[in-house]
Amino acid sequence: ASQYFEKAKQFYFDVNSHNKKFLSDASTFFNTYANFCLSTDKEKPVEYYLKSIELDSRNSEPIFNLISYYKTRNDHEKCIELCTNYLNKYPDDYKMALELTNFETTDYSLYIDTLIQVLEIHPHFHRILVRLIEICAEAGKLDKVEKRIINDKSPGMIFCEALYCMYCGNWNKALSLFRVVQNDNKWGVNAKIKIFRILINPTRNFIWFTDEPLSNEMQLHEANEIIEELSVVFKDEPFFVIEKKLMQAEIHLSNNTANSISKAESIFFSIIEQSKLRQQTQVESDILEIQLIASLLGYAKCMLKKDNIKQANIFIDKVLQFKPSHETNPFFEETYLMRAKIFQNEKNFDAAHHFAFFALSKNMSSRRAWEMCAEISRQNSMYAEAANAYMHCWKLSGETDLDSAYDYAFCSMKADRPDDAIEMCRTMQNIDFNYKDLKNTILIPSYKKLKP
């Protein structure tokens, strides 16, 4: 094969030196041979992929193959460089934009600008709008997408509006909109998955944070029905065997009883034992890795719920050995919050604050992370910081959670910001005039703090 390749390579060079119309074919040829070489030579394929790109810079296949190559070596910086270099030349390539935003980043502005750039060229590419909403939610910049949610009634736009409502904390409207498109050929499966997520945990709570169920019996019954519907859709897909077990385990977690936690623990442990990575395609390996992370986190949650802190920390460490990505960011968010909670319970507030901020680095729209930051700051008498965090909680509730508003007003008063405290009290009184003892606890002390 190598001998024939050398002859073919020379033939392409000779022909292209006289006629450039075969450059695209030559690019495909080098890309194909690079794929062939992967099993026998770990370095040579890079040379051929680069040659393929040189011959036809528009050909994205060798770029994607190079990205897969560097992914296996955990060189995500190189992957991001390849994506951005290509998008600088061809900003309309939505597949490359989606690939770029899969990688972990602290520079959300790059990702947001890239996705907006593609949307400007292709305003009806709803997959790009979905990713933009997700990235803006992680960055805490959902205001950047509000104007892009238009009333065109297409299934893709309805899905996007539902997703936007979900991240804004408007679970009921999100659920209603997802149900509108749950039978659509293109968006139906993803809508069902989102419905499932909302049904099992509508307020995005955590079993290690509360002793109450995360959902009610009727919603969990509907969630079980969705699992069965998805089983029909994915009946020939091997990955769904594990996925179905994970979804069933999550329903057990949502019940949040000693018996249901034990059932979930057993499922997670069995998946961990079975998830020894075999020789898989890149796509299959990515799916298995995500399922393994979910199982490790699930087991850690069960251990923390049972106050087995040693085992919880062991499995938290196992999760943190992986590299975060767009798909796994929610797992890392909760993992960091669990560690923050452990340190908070141990009165190690500095470490707890540190890990709560790590959680926010994965999702700036995480209400629970902001609540934890607020609680820790308040315990340290850092009232200005606590007030700022409670304001985020208030905004993320859609300005409906009066507890967050009350805590914001109280901390603002303690931080010598009486104007802010009084303003929030007036907002609360417009919603519920008799909510707690605002007058004596916050309003009167705040008026006394006003400068004459």
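1. Is Lys 192 buried or exposed? Lys 192 is buried, because its relative accessible area is 10%, where buried means under 20% relative accessible area, exposed means over 50%, and partly exposed lies in between (1.4 Å probe, protein chains only). The model discussed here is predicted, so local features need pLDDT of at least 70 and side-chain atom pairs count only at pLDDT 80 or more, while totals for chains, interfaces and linings use all residues. Residues are numbered from 1 along each chain as its sequence is written, and side-chain values use heavy atoms, with hydrogens and water left out.

2. Overall composition. The protein has 23 helices and zero strands; helices (H or I, at least four residues) and strands (E, at least two) are DSSP runs, numbered from the N terminus. Along the principal axes, the C-alpha atoms fill a box of roughly 90 × 55 × 45 Å. Of the 452 residues in the protein, 49% are buried. Among contacts (heavy atoms within 4.5 Å) with a separation of 6 or more, 57% involve residues 24 or more positions apart.

3. The structure holds 25 salt bridges, each defined as a side-chain nitrogen of Lys or Arg within 4 Å of a carboxyl oxygen of Asp or Glu. One of them joins Lys 192 to Glu 229, with the closest N and O atoms 2.7 Å apart. This pair links distant parts of the chain, since Lys 192 belongs to helix H11 (residues 188-200) and Glu 229 to helix H12 (residues 217-233), 37 residues apart. Glu 229 is partly exposed, because its relative accessible area is 34%. Another salt bridge connects Arg 197 with Glu 250, and here the closest N and O atoms are 2.5 Å apart. The partners are again in distant parts of the chain, with Arg 197 in helix H11 and Glu 250 in helix H13, 53 residues apart. Arg 197 counts as partly exposed at 31% relative accessibility, and Glu 250 is partly exposed with a relative accessible area of 23%.

4. Lys 306 forms a salt bridge with Glu 265, the closest N and O atoms being 2.5 Å apart. Lys 306 lies in the loop between helix H15 (282-305) and helix H16 (309-320), whereas Glu 265 is in helix H14, 41 residues away in a distant part of the chain. At 41% relative accessibility Lys 306 counts as partly exposed, while Glu 265 is buried, with a relative accessible area of 16%. Elsewhere, salt bridges that share partners join Arg 367, Arg 368, Glu 371 and Asp 401 into one network.

5. Asn 256 lies in the loop between helix H13 (239-255) and H14. The residue counts as buried because its relative accessible area is 6%. Apart from neighbours within four places in sequence, Asn 256 contacts Ile 207, Thr 210, Asp 211, Glu 212, Pro 213, Ile 261 and Lys 305. Within helix H14 (residues 258-274) is Phe 269, which is partly exposed at 39% relative accessibility. The C-alpha atoms of Phe 269 and Tyr 299 are separated by 6.7 Å, although the two residues are 30 positions apart along the chain.

6. Helix H5. The 14 residues of helix H5 (residues 76-89) should span 20 Å at 1.5 Å a residue, and the end C-alpha atoms are 20 Å apart, which agrees; the expected span is 1.5 Å times one less than the number of residues. The buried residues of H5 are His 76, Cys 79, Ile 80, Leu 82, Cys 83, Thr 84, Tyr 86 and Leu 87. These buried residues pack against helix H4 (61-71), helix H6 (94-100) and helix H7 (108-121).

7. The H22 and H23 pair. The axes of helix H22 (residues 418-431) and helix H23 (residues 438-449) come within 9 Å and cross at roughly 145°; axes are lines fitted to C-alpha atoms, for helices over the stretch in contact, and angles run from 0 to 180 degrees between N-to-C directions. Pro 418, Ala 421, Ile 422, Cys 425, Arg 426, Met 428 and Gln 429 in H22 meet Leu 438, Ile 442, Leu 443, Ser 446, Tyr 447 and Lys 449 in H23.

8. An exposed loop residue. Lys 235 is found in the loop between H12 and H13 and counts as exposed at 64% relative accessibility. Lys 235 and His 326 are 91 residues apart in sequence and 27 Å apart in space, C-alpha to C-alpha.
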